[in-house]
Amino acid sequence: MTAPHPSADAGHLPPSDAGHLPPADPVRSPLTGYTRAHWELAADRLLTALRPYATPGLAQYRLPGRTGHSGAWSDGVEGFARSFLLAAFRIAGSDGRAGAGLVERYATGLAHGTDPRHPEHWPPITDRAQPMVEAASLAIALHETRPWLWNRLDDTVRRRTVEWLGGFVGATANDSNWRLFQVITEEFLASVDAPHSRAEIDAGLARLDDWYRGGGWYTDGDGRKFDYYNAWALHLYPVLWARIAGPRADPALVETHRARLREFLEVHQYFFGSDGAPVHQGRSLTYRYATAAPLWAGALADATPLPPGRTRRLASGALKHFADRGVPDARGLLSLGWYRPFLPVTQSYSGPASPYWASKAFLGLLLPADHPVWTEPEEPGPVETADATLALPAPGWLLHTTAADGIARLVNHGTDRLPPPPAATDSPHYTRLAYSSATAPDTPPDGAPGPDNQIALLTPSGPSRRGRIHPLYADGRRAASWHVPLGPDGDVPPRIATASVVHGPWEVRVHRVEAAAGTIVREGGWAVACDTAPPAGEHGPGWALARRADGLTSALVDLLGRRDPGVPRRGGVEHAREHNAYGDHSATPVLTARHPGGTLLLATLTVLTADPSVHRDRQALLTGTRATVTADGHVEIVFPDGTTDRVPLAGLAGR
């Protein structure tokens, strides 16, 4: 097989087609308008845009942008492997009709990348090295395109490919989702009768069991590491492994994975706002709409509780959300960022081709065009139809959504992604008190913690961090945790315990703060951001709010100090530039108080809403929720609609 001329590449779109989309289908897709044709075109455009960045032998893709910590050589392989995954879904999803050009393009790259004498050859697979990640993508792509690519390769190229992938046998992977890269790669080797270790495959699958915490949730390695790796790795790879393994797979184990995926999808569907945006939490957020991958995996494995039309609506909603906001960019590339280039949503391992793990979102193309996920009418996502509150004890989260504005909010009392023993710092994408589908945490370039969704002690060395989160409970509308703030010095470490009670768009946070007298305690609400102009800010004694021009409002209201002036809290709004993935300008309402020493009890209303019936009446917003401390040791809360709840203070006192 030889490299094609670019014009023969099926992924190459004629210039006359570059600005056109397939017609929206208001009957089959009344919510997004998207059909299978939109997904196919999106895949083709991504593959076409990558072609100019291929090396002459097509074995690497050298994209513009910051180099990952593994270096440019590894980044080039990443570009090949992750785009090959996308090409594989496109090829296999069309029974090979998507074009011989794609097959030739990646077969040529494979031949050169696995040839140690070729100048574009790939780095070997060694212990804990980045090529392990890319090997799994190659293995999946080779399996899914087996009739059109693998079976047509020269024996010499197949032998070299097996030798390169075989570097995984006996190698040590990071003890995280990387164990599944070994499972996938070695299972592919088994499928082509190449040397492999069944013991390593079984050990990787057993390690996945070790990390299962119930309710559909895995932690990504030891500790409390809950994030979208549940979606695009820990649930996805078992489905793809079973496809590769076929009759070699243990049916009972496959059924266990399917049952867990089904349970996960019951919850995952709530992580998308009505505008298609996923909740902005965790690492590797630059993979963007890869959050849709498990939706398709559930349909592919017959392991989904969702109606077919809802599966497509949620997945298409995510793809459309980013497309409507300039993703991919004017060059047709996926940048290191969210909407625009924004490095704080990346990690040191992220290279310029890393965002192409978004290729996993195109898994649905493996389902035939006459499958119900493509033919049934779209159904609304759960966030669009009714308000909901879900307690998720495994990760220590509360998820509350509102239909009026379509926002999903995630309250965090259990996920910090800190390894044992705890590190000296933390991540804003894991240790904030809350995340949402409409906001992102502020991430200052100097690494200092932003003020949003945090309660911090202000010291001469800067604000404290949350650090290790110790979950107490997550049940019904309530969740709680405690932490020892990172940063402040002193003979007696301070301690902060927090309970959250949610109802509709409202969250009341009850804090029990132990600190030295005179310490300034700062609490922040949601950061709202936009590109055009700074969000407006208002504040007064015991309250503050920030409002975007479109009405998205973040409010913070003191519920105890305004009635008991013993410890007054001062309201303010902190503005920032280029600290937020959602826009250049961000604003966060804050409340500050001087600690009297001993234990300080605070209760705060925290609101994020785009519902005009909530944010337009400022007086009702500031006074409609009440909290009182009862004689029997509770904080009693009354929400604006009369709903009540109680937080037992005794539950916040222990460690």
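Leaving aside its neighbours within four places in sequence, which residues is Tyr289 in contact with? Tyr289 is in contact with Leu46, Ala318, Leu319, Phe322, Leu334, Ala358, Ala361 and Phe362, where contact means heavy atoms within 4.5 Å. This is a predicted model, in which local features need pLDDT of at least 70, side-chain atom pairs count only at pLDDT 80 or more, and totals for chains, interfaces and linings use all residues. Residues are numbered from 1 along each chain as its sequence is written, and side-chain values use heavy atoms, with hydrogens and water left out.

**Figure 1. Overview of the protein.** The secondary structure comprises 17 helices and 23 strands; helices (H or I, at least four residues) and strands (E, at least two) are DSSP runs, numbered from the N terminus. The radius of gyration is 25 Å, close to the 26 Å that the globule rule gives for 655 residues, so the protein is as compact as a globular protein of that length. That radius is taken over C-alpha atoms, and the rule is 2.2 Å times the number of residues to the power 0.38. The C-alpha trace spans about 80 × 55 × 45 Å along its principal axes. Of the 655 residues, 62% count as buried; buried means under 20% relative accessible area, exposed over 50%, and partly exposed in between (1.4 Å probe, protein chains only). Among contacts between residues at least 6 apart in sequence, 69% join residues at least 24 apart.

**Figure 2. The largest nonpolar core.** This core has 143 residues, and those with the most contacts inside it are Trp241, Phe271, Tyr289 and Phe362. A nonpolar core is a set of buried Ala, Val, Leu, Ile, Met, Phe, Trp, Tyr and Cys residues joined through side-chain atoms within 4.5 Å. Helix H2 (residues 72-93) gives the most to this core, with 11 residues. Another core, of 27 residues, lies apart from it and includes Ala497, Val508, Leu560 and Val607.

Figure 3. Arg288 is not a glycine, yet has a positive phi of about 50 degrees. Arg288 is found in the loop between helix H10 (251-268) and helix H11 (293-300), and is buried, with a relative accessible area of 2%. Arg417, also not a glycine, has a positive phi of about 55 degrees. The loop that holds Arg417 runs between strand E5 (407-412) and strand E6 (434-436). At 24% relative accessibility, Arg417 counts as partly exposed.

Figure 4. Val327 and Pro328 are joined by a cis peptide bond, with omega about 0 degrees. Pro328 is found in the loop between helix H12 (308-323) and helix H13 (372-375).

**Figure 5. Packing of helix H5.** In helix H5 (residues 155-165), the residues Val157, Arg160, Thr161, Val162, Trp164 and Leu165 are buried. The buried residues of H5 pack against helix H3 (100-113), helix H4 (131-144) and helix H6 (178-191).

**Figure 6. Surroundings of Thr606.** Thr606 lies in strand E20 (residues 598-609) and counts as buried, at 1% relative accessibility. Leaving aside its neighbours within four places in sequence, Thr606 is in contact with Asn453, Pro505, Trp506, Glu507, Arg509, Glu523, Gly525, Trp526, Ala555 and Leu556. The C-alpha atoms of Thr606 and Thr114, 492 residues apart along the chain, are separated by 55 Å.
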